[in-house]
Amino acid sequence: MKKIVAWLLLAGLMLLASAALAEVSADFAAYEDYGRVIAAETTEQGTRIEAEGYYGYHMDASPSMTVAVEIAPDGMIVGAEVTGAKDQTPGFDAMITGEYLNSAYVGQAADPAMEVQAVSGATVTSRAVLYAVQTAAYYAQNALGYAADTDAADKAELSAVYPAVYTALHPDELPDTKKIGTLLFAAEGTTAEGTRVIAMKIKSATKVAQAGSARTGWDASVPNPFTMIIVVDCASSQICAWSLVQDGTRNPEYFTVPDEKIDAYRGVVIEDAAVFDEFMEGIVLTLDLDYALEDTGDGPVITGTSIVYTGKTEQGTFSSQMVRNCFRTAAAIYCHLTAQ
């Protein structure tokens, strides 16, 4: 019996050592109107933060869900469990299972602005759980200094195209690129050899130059936006790498842009934001097809299809214009960032 008691005491001491209650910082206990932290305790993996998230149908009864969220010092969620439910519609709290919490939250970066897929049929209760997790994340960041690298996936994507150690760039202002493209992510990187680069992930706008080209038949074939990663060597201000993340070509047999056309952008020094506005070396001007062509005096016309191509356009096919829009956006952003 004495041995059993001694073992239980030892186990209790070990438990206290591995999970020690910590005083909750009053400055960061409340996260706006979303929720509040009830308790915090240190664990072997980080800190277990118990937070109550306010949300539910019966707003006059102050509904909420309480979740214990374990967050590691690197800002990643390593555990989550429901520890309480208040004034939720009967049965809905039971739909928030451990399996759901593991799939939705564990392994995610603890971010006060995070969003996850709700449980079908219990969306309101799921929102209360989300607010509890967001509250725990807010506390972990501000009271404990736990900060997840929310840009890790983006930086890894850039590094796969051009290996470097990247630091995210979040400029407060950007040039107006709505007509040519949108910046999705930007980072400054340094390679193992010391080369400094600026890498950008860009989604093209769908605006294309159609002056001189036939309108008939083209609309159905205008491609979706292209998304590209474009890397610029800061020493030479030239493109040193590129990759198509999303090819928006709807009809590849007509409008695929050859790699050599895209490679043509590498040779241009980005001296100003408009350097690619009239850049024609990357534009596809001919269609390499086995269709019969007729000469109407205005150029060849593809017959037997719904596509009419007059050959008069000096702006080329639509897909290559989308690609150019990505490079035009990259030039504008690169010039803006390097001028700061």
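**Close-up views of the predicted chain**

**View 1. Surface and overall make-up of the predicted model.** The chain exposes about 17500 Å², of which carbon and sulfur atoms supply 51% (Shrake-Rupley method, 1.4 Å probe). This is a predicted model in which local features need pLDDT of at least 70 and side-chain atom pairs count only at pLDDT 80 or more, whereas totals for chains, interfaces and linings use all residues. Residues are numbered from 1 along each chain as its sequence is written, and side-chain values use heavy atoms, with hydrogens and water left out. Seven helices and 13 strands are present (DSSP runs numbered from the N terminus: helices H or I, at least four residues; strands E, at least two).

View 2. The strands follow the order 7-8-9-10-11 with antiparallel pairing (at least two DSSP bridges between two strands). Strand 7 (165–168) and strand 11 are the edges; each has a single partner strand, so one side of each lacks a neighbour in the sheet. Strands 7 and 8 are joined by four bridges, and Y166 stands opposite G189 in strand 8.

**View 3. The largest nonpolar core.** This core has 31 residues (buried Ala, Val, Leu, Ile, Met, Phe, Trp, Tyr and Cys joined through side-chain atoms within 4.5 Å; buried means under 20% relative accessible area, 1.4 Å probe, protein chains only). M200, M228, I270, F276, V323 and F327 touch the most other members. Helix 7 gives the largest share, ten residues. Not counting residues up to four places away in sequence, M228 touches residues including M200, W242, V323 and F327 (contact: heavy atoms within 4.5 Å).

How values were computed:
Buried means under 20% relative accessible area, exposed over 50%, partly exposed in between (1.4 Å probe, protein chains only).
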